[in-house]
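Subject: Structure for your review

Dear colleague,

Please find the structure below, followed by an account of what was found in it.

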Number of protein chains: 2
Amino acid sequence: MVKRVSLSDAECPMARSLDGIGDWWSLLIVRDAFDGVRRFGEFQKSLGISKGILARRLQGLVALGVLTMTSASDGSAWQDYVLTSKGEALFPVIVALRQWGEAFCYRPGEPHSELVDRKKGKSLAPLVVRDADGEIIQMRDTVVKKLALSSKDY
Amino acid sequence: MVKRVSLSDAECPMARSLDGIGDWWSLLIVRDAFDGVRRFGEFQKSLGISKGILARRLQGLVALGVLTMTSASDGSAWQDYVLTSKGEALFPVIVALRQWGEAFCYRPGEPHSELVDRKKGKSLAPLVVRDADGEIIQMRDTVVKKLALSSKDY
DNA sequence: CAGGATCCAATACGATACTG
DNA sequence: CAGTATCGTATTGGATCCTG
């Protein structure tokens, strides 16, 4: 959008992610899809988004391979939008954003919805970042390694 | 932006998060801040963003409490932008987006930068979502519990 | 160099009307 | 109901010029 410096060919994976789903609606659509929303009208009602933008976003997510269209489960003439495995892989992203919002975007006591596990009904554990050996690490323990090597890096 | 339905008073923490940092540049600025970028000019060069937008985004992140301005480390008259604890708490979000990008936004063999731990130089472990007892759970094991109760919830 | 001010193109988004 | 088409407006974001 607004064709800025193209992020789509960036060497940073985060930039590529954002290039595809980094707008205001896509991740909210994905969140709804996680919650079981499948139909155009359900998305529209849930999000309060205009029809035109919703249609474009759904198209974009389908084109990206995050959602796929299947014949409607209720036998109607229309399509259902369901998450692909690529879409389901956004689960940690959703959880991370939600947990950050819970922790930093509400005043104390202000109510908000909660993501709980279905069996126990309890909140999830905070996401933690671990190294290859499973040890918990902090931001300061990491560094970005650039690979400019395009073919055989030996 | 484009004053759509305000997400800032949403009951969904994810919507609130996106309301603050859900644009195209904010998370990339935060990523750079994680990588040690502090100065206006460094951000601009690293991101290829125009000065006007960068200034506005930095202001927004400062207003949000994600960044803070400190007197420049090199003694110049200007300010450094550094992450607050609220900003540092975005670490799992950054990692989640990066890992998703690595896994799904590159063709096989296509090079990209890599986030490694400083000591061992190895890639991080994939983020996993766990329940309150530390057990790994999937998307399908969770459900959103809405709390509409605004004061005493019984 | 760090920003602010201004101008302009592209577009994101909402509202509405239209179609099958 | 599921979209598409059109229109108006607000905002983005780049480029340029200006200042301390």
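In chain A, residues 24 or more positions apart account for 38% of the contacts with a separation of 6 or more, where contact means heavy atoms within 4.5 Å. Please note that this is a predicted model, in which local features need pLDDT of at least 70 and side-chain atom pairs count only at pLDDT 80 or more, while totals for chains, interfaces and linings use all residues. Residues are numbered from 1 along each chain as its sequence is written, chains are lettered from A and ligands numbered from 1 in the order in which they are written, and side-chain values use heavy atoms, with hydrogens and water left out.

Chain A

The secondary structure of chain A comprises 6 helices and 4 strands; helices (H or I, at least four residues) and strands (E, at least two) are DSSP runs, numbered from the N terminus. Their order from the N terminus is α-α-α-α-β-β-α-α-β-β. Of the 154 residues in chain A, 47% are buried, a term that stands for under 20% relative accessible area, with exposed for over 50% and partly exposed in between (1.4 Å probe, protein chains only).

Strand β1 (residues 67-71) of chain A runs antiparallel to β2(A), and 5 bridges join them; two strands pair if DSSP finds at least two bridges between them. Within this pairing, A:Thr70 stands opposite A:Asp80 in β2(A). Strand β2 (residues 79-83) of chain A is largely enclosed by the rest of the structure, because 4 of its 5 residues are buried.

Salt bridges

Over all chains, the structure holds 24 salt bridges, each being a side-chain nitrogen of Lys or Arg within 4 Å of a carboxyl oxygen of Asp or Glu. One of them joins A:Asp80 to A:Arg39, with the closest N and O atoms 3.5 Å apart. This pair links distant parts of the chain, 41 residues apart: A:Asp80 lies in strand β2 of chain A, and A:Arg39 in the loop between α2 (26-34) and α3 (40-47) of chain A. Both A:Asp80 and A:Arg39 are buried.

A second example in chain A is formed by A:Glu102 and A:Arg98, whose closest N and O atoms are 3.9 Å apart. These two residues are 4 residues apart in helix α6 (residues 91-104) of chain A, so about one helical turn separates them. A:Arg98 is buried, with a relative accessible area of 4%, whereas A:Glu102 has 28% relative accessibility and therefore counts as partly exposed.

In chain B, the side chains of B:Arg31 and B:Asp32 meet in a salt bridge (3.1 Å, N to O), and both B:Arg31 and B:Asp32 are buried.

The interface of chain B and chain A

The contact takes 83 residues from chain B and 82 residues from chain A. The area buried between the two chains is about 8,000 Å², of which carbon and sulfur atoms give 66%; buried area is the accessible area (1.4 Å probe) that two parts lose on being put together, summed over both. On the side of chain B, B:Met14, B:Trp24 and B:Trp100 lose the most area to chain A, together 11% of what that side buries.

Between chain B and chain A there are 12 salt bridges. In one of these, the side chains of B:Asp131 and A:Lys120 meet at 2.7 Å, N to O. A network of salt bridges links A:Lys120, A:Lys122, B:Asp131, B:Asp133 and B:Glu135.

The largest share of the side of chain B that touches chain A comes from α6(B), with 12 residues. By class, that side has 45 nonpolar, 13 polar and 25 charged residues; Ala, Val, Leu, Ile, Met, Phe, Trp, Tyr, Cys and Pro count as nonpolar, Asp, Glu, Lys and Arg as charged, and the others, Gly among them, as polar.

The bridge partner of A:Val143 in β3(B) is B:Val116.

Finally, B:Cys12 is placed in the segment before α1 of chain B and counts as buried at 4% relative accessibility. Leaving aside its neighbours within four places in sequence, B:Cys12 is in contact with A:Arg31, A:Arg98, A:Tyr106 and A:Ser113. B:Cys12 and B:Leu147 are 135 residues apart in sequence and 9.9 Å apart in space, C-alpha to C-alpha.

With kind regards
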